[in-house]
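Reader: Could you take me closely through the way the helices pack against each other here, and then through the cores around them? I would like one connected account.

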Amino acid sequence: KNMDVKEEGMYEKYDLVFSSITPAVGYKGGYEKAMEMTNGWFFNANFISITDTLQSALEDSLGIHPVRSRDGAGFYCMLGDLILKGLYPELRYYKETDVDVFDVKSAFAEYAEWFYREGIGEKEEREMKDALLRLCDEDGKIRSHKEWVYVWLLVDKKGRIVH
C-alpha cells in the first residue's frame, strides 16, 4: 500500500501484471499501482459472490449480518473505474462449489471473525455456539455448502480490445 512504483523502478516495467484474489489490489490505489507497473496487460482474478449456507443460517439464527463483505464490491469498483478511463476489459466468469465440514469449535473459529470483527463478548459467543449446536447433524458435524462465482479480468493499458 505504501510502495511508490516509480521510486522502486517498476513504472511500466512489466508486459503483464497478474493478481489473483489478493488484498494488494482490492482497493482503488492497489489496482492503480498494478496498472502503473505494466506497459501493456493487467490481469485480475477475483470473486464476485459467495453463497454460504452456514453463514446464511447464522444470519437467520443470530439476527445479524457479517461485518465483512464477500460481495465483490471492490472488483465492481475497479471494473467501473477502468471503463470510465476508456479501457474495456475482457471478462470470463466461472463457478466452483464445495462443502466444508466443521465441528462446533472449528465452525465458531471460522465464522466468529466474520460476524464480530472487533471481538466477541461472552453473550455473543454463547449465542453463536448455541446456534451452531442446533445446526449439527446427527454425527455432530456442521456442513456448509458454498458456491463461489469468480471473474477473470484482462485489460490492455493501451486501450486495445481483447479478442
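Author: A crossing is called right-handed if the near helix is turned clockwise from the far one by less than a right angle, and left-handed if it is turned anticlockwise. In this predicted model, helix 4 passes helix 5 in such a right-handed crossing. The axes of helix 4, residues 104–115, and helix 5, residues 122–134, come within 10 Å and cross at roughly 130°, and the two helices are therefore oblique to each other. Helix 4 brings Val 104, Ala 107, Phe 108, Tyr 111, Ala 112 and Phe 115 to the contact, while helix 5 brings Glu 125, Met 128, Lys 129, Leu 132 and Leu 133; these residues divide into 9 nonpolar, no polar and 2 charged.

Helix 1 likewise passes helix 3 in a right-handed crossing, with axes that come within 10 Å and cross at roughly 50°, which makes helix 1 oblique to helix 3. Here Lys 28, Tyr 31, Glu 32 and Met 35 of helix 1 meet Cys 77, Met 78, Asp 81 and Leu 82 of helix 3, and the contact divides into 5 nonpolar residues, no polar and 3 charged.

Met 35, Met 78 and Leu 82 are also among the residues that touch the most other members of the largest nonpolar core, which has 19 residues. Helix 1, strand 2, helix 3 and strand 4 each give two or more residues to this core. Leu 153, another of its most connected members, is in contact with residues including Phe 42, Phe 75, Met 78 and Leu 82, leaving aside its neighbours within four places in sequence. A second, separate core of 16 residues includes Leu 54, Ala 112, Trp 114 and Tyr 116.

Note on methods: Residues are numbered from 1 along each chain as its sequence is written. This is a predicted model: local features need pLDDT of at least 70, side-chain atom pairs count only at pLDDT 80 or more; totals for chains, interfaces and linings use all residues. Side-chain values use heavy atoms; hydrogens and water are left out. A nonpolar core is a set of buried Ala, Val, Leu, Ile, Met, Phe, Trp, Tyr and Cys residues joined through side-chain atoms within 4.5 Å. Buried means under 20% relative accessible area, exposed over 50%, partly exposed in between (1.4 Å probe, protein chains only). Helices (H or I, at least four residues) and strands (E, at least two) are DSSP runs, numbered from the N terminus. Contact means heavy atoms within 4.5 Å. Axes are lines fitted to C-alpha atoms, for helices over the stretch in contact, and angles run from 0 to 180 degrees between N-to-C directions. Angles under 35 degrees count as roughly parallel, over 145 as roughly antiparallel, 65 to 115 as roughly perpendicular and the rest as oblique. Ala, Val, Leu, Ile, Met, Phe, Trp, Tyr, Cys and Pro count as nonpolar, Asp, Glu, Lys and Arg as charged, and the others, Gly among them, as polar.
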